[in-house]
Amino acid sequence: MGFEGETWYVRGVDPRYGGGGADIGEILIDEADFPWLSGRFRAGPAFGAVEDLFARELALAEGDDAAHRSRWEAIQAEIERRVRLISPDGPVAAFLLHIRGDRAWFRWSDAPFDDEGDEGDEGAGGVGG
C-alpha cells in the first residue's frame, strides 16, 4: 500500500484542551498492515493536554470484559471530541488511534462509523490492535 513514508497529523479540536488546530503530534507511517497503519509518533506542544487520555484509552483497550469495554467507549468518545486525525489528503471522518511512547497505530475511515461501531470502507471498528 502507498501509506508508508506519509506523515499524518494529530490536531486538537477544542480550545479548552489546547484545540483550535493545536499541534498534538505527527505520525510518520512506517508500516501498513491494512486496516492498521502505524508509525513513529512525534509529540507536539499540545500533546500534554491529551497524553493521559491516550494512556487510559490504551489500558482499557487491553481489557476484555464488559466493564472495560464500557469505560473504553467513554474514553474513545472523549478522544473523538478533543482530537482530529488528518491524513495527507485532509481530515478523516472517523478513527481509532492508539499512542504509546514514540509509537502510534490507528485505523481510519472516510465515513463516520455507525452507532453499532461498524467501520466505513477504510475500517476502524473494534477496540484491539
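Predicted model: local features only at pLDDT ≥ 70, side-chain atom pairs only at ≥ 80, totals over all residues.
Local features are given where pLDDT is at least 70 and side-chain atom pairs where pLDDT is 80 or more, while totals for chains, interfaces and linings use all residues. Residues are numbered from 1 along each chain as its sequence is written, and side-chain values use heavy atoms, with hydrogens and water left out. The protein contains 2 helices and 7 strands, where helices (H or I, at least four residues) and strands (E, at least two) are DSSP runs numbered from the N terminus.

**Overall fold**

- Read from the N terminus, the elements follow the order β-β-β-α-α-β-β-β-β.
- Of the 129 residues in the protein, 43% are buried; buried means under 20% relative accessible area, exposed over 50%, and partly exposed in between, with a 1.4 Å probe and protein chains only.
- Among contacts (heavy atoms within 4.5 Å) between residues at least 6 apart in sequence, 48% join residues at least 24 apart.
- The protein exposes about 6700 Å², of which carbon and sulfur atoms supply 47%, with accessible areas taken from the Shrake-Rupley method with a 1.4 Å probe and, for residues, only the protein chains shown counted as cover.

- The 7 strands form an open sheet with antiparallel pairing in the order 5-4-1-2-3-7-6, two strands being paired if DSSP finds at least two bridges between them.
- The edge strands, each pairing on one side only, are strand 5 (90-91) and strand 6.
- Strand 1 (residues 7-12) pairs with strand 2 (residues 23-33) in the antiparallel sense over 5 bridges, and the bridge partner of Trp-8 in strand 2 is Ile-27.
- Strand 1 is also joined to strand 4 by 4 bridges, again antiparallel, and here Val-10 has Leu-85 as its bridge partner in strand 4.
- Strand 6 and strand 7 pair in the antiparallel sense over 7 bridges, with Trp-105 in strand 7 as the bridge partner of His-98.

**Helix 1**

- In helix 1 (residues 51-61), the buried residues are Leu-53, Phe-54, Glu-57, Leu-58, Leu-60 and Ala-61.
- Seen down the axis of helix 1, these buried residues fall within an arc of 165°, so they line one face of the helix; the arc is that of the directions from the helix axis to the C-beta atoms.
- The buried residues of helix 1 pack against helix 2 (66-82), strand 4 (83-87), strand 6 (94-100) and strand 7 (103-109).
- Helix 1 lies across strand 4, strand 6 and strand 7 and runs at about 100° to strand 6, where axes are lines fitted to C-alpha atoms, for helices over the stretch in contact, and angles run from 0 to 180 degrees between N-to-C directions.

**The nonpolar core**

- The largest nonpolar core has 32 residues, and those with the most contacts inside it are Trp-8, Ile-27, Leu-85, Leu-97, Phe-106 and Trp-108; such a core is a set of buried Ala, Val, Leu, Ile, Met, Phe, Trp, Tyr and Cys residues joined through side-chain atoms within 4.5 Å.
- Helix 1 gives the largest share of this core, 5 residues.
- Leaving aside neighbours within four places in sequence, Leu-97 is in contact with Val-10, Ile-27, Phe-54, Glu-57, Ala-104, Trp-105 and Phe-106.

**Arg-40**

- Arg-40 lies in strand 3 and, at 47% relative accessibility, counts as partly exposed.
- Not counting residues up to four places away in sequence, Arg-40 touches Glu-26, Ile-27, Leu-28, Asp-30, Asp-102 and Arg-103.
- The C-alpha atoms of Arg-40 and Asp-102 are separated by 5.6 Å, although the two are 62 residues apart along the chain.
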